[in-house]
Amino acid sequence: IPPLEFIGIAEDNLLILQIGQWVFKTAIEQCRHWRDSLHPQFQVAINKSPVQFSGEQKKQHDWLYQMAQQNVPGDMVTVEITERLLLDANSHVSERLAQYHEAGVQVALDDFGTGYSALSYLKKFPIDYIKIDRSFVCELGSSHEDGALCQAIIVMAHSLGMQVVAEGIENQRQLEMLREMGCDYGQGYYFSPPLRPAAFETWHQAWNKSMQGIRI
């Protein structure tokens, strides 16, 4: 069942709190393993619902508290939030984002450019990454408008000291265009579909082997 079908329901009945805790715990444990076995600076990005921020008053839902208890370094985690959180941000959200920044936890603004206009909020919060929504990336090469929007987002983000991740890269042409625009990172089926941990480790080994001797 894809997230778009169940996340909204889970938020409405607050099951997102339990789901979010399971995801956080599982991701941290997996990332610890991959730091030991794959790369010492391996980092995992975890989506966090606005509902989860409101539930953080309880320590069992407080990620920073759990990270401190488990001696998890801040640079192991990037928290992905949505524009809706910034538009509805209260003092608790602002304080928590500042605490993430102080702890070395990076914050990414997911699905940027869809549904809300949060430009005036970007300068108010410590955002490390802006993620260009896949809807702008999928037509690169055939849509001048989408290319112009991607370029504008990249220039704006860099001028604000943020880095950019392009979502939904599916072919070499899209990758090359985004590189030419100065995009920092990319994700999508061009690199790999979603994988289970064991399959990812196999993919990672193959990727490293294929990149040996290549300068990027």
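This is a predicted model: local features need pLDDT of at least 70, side-chain atom pairs count only at pLDDT 80 or more; totals for chains, interfaces and linings use all residues.
D111 belongs to strand 3, which spans residues 106–112. The phi angle of D111 is near 50 degrees, a positive value in a residue other than glycine. Most residues other than glycine have a negative phi. N71 also has a positive phi, of about 60 degrees, although N71 is not a glycine. N71 is found in the loop between helix 4 (63–69) and strand 2 (77–81). With a relative accessibility of 64%, N71 counts as exposed.

Strand 3 is also among the elements that cover the buried residues of helix 9. Helix 9 comprises the 16 residues 144–159. Its end C-alpha atoms are 23 Å apart, which agrees with the 22 Å that these residues should span at 1.5 Å a residue. The buried residues of helix 9 are D146, G147, C150, I153, I154 and A157. Seen down the axis of helix 9, these buried residues fall within an arc of 130 degrees and therefore line one face of the helix. In an α-helix there are 3.6 residues a turn, so residues three or four places apart point the same way. On the other side of helix 9, H144, E145 and S159 are exposed. Besides strand 3, the cover over the buried residues includes strand 4 (129–132), helix 8 (134–137), strand 5 (163–166) and helix 10 (172–181). Just after helix 9, G161 takes a positive phi of about 80 degrees.

Helix 2 extends over residues 15–37. It has 23 residues and reaches 33 Å from its first C-alpha to its last, close to the expected 33 Å at 1.5 Å a residue. Within helix 2, the residues I16, L17, G20, Q21, F24, A27, I28, C31, W34 and R35 are buried. The buried residues of helix 2 pack against several helices, namely helix 1 (3–12), helix 3 (50–54), helix 4 and helix 11 (197–211). They also pack against strand 1 (44–47) and strand 2. Helix 4 and strand 2 are the elements on either side of the loop that holds N71.

A nonpolar surface patch of about 360 Å² is made by L15, I19, W22 and V23. I19 lies in helix 2. The relative accessible area of I19 is 31%, so I19 is partly exposed; membership of a patch requires over 30%.

Terms used:
Residues are numbered from 1 along each chain as its sequence is written. Side-chain values use heavy atoms; hydrogens and water are left out. Helices (H or I, at least four residues) and strands (E, at least two) are DSSP runs, numbered from the N terminus. The expected span of a helix is 1.5 Å times one less than its number of residues. Buried means under 20% relative accessible area, exposed over 50%, partly exposed in between (1.4 Å probe, protein chains only). The arc is that of the directions from the helix axis to the C-beta atoms. Contact means heavy atoms within 4.5 Å. Patches are made of residues with over 30% relative accessible area and no salt bridge: like charges are joined within 9 Å, nonpolar side chains (Val, Leu, Ile, Met, Phe, Trp, Tyr) within 5 Å. Accessible areas come from the Shrake-Rupley method with a 1.4 Å probe; for residues, only the protein chains shown count as cover. A salt bridge is a side-chain nitrogen of Lys or Arg within 4 Å of a carboxyl oxygen of Asp or Glu.
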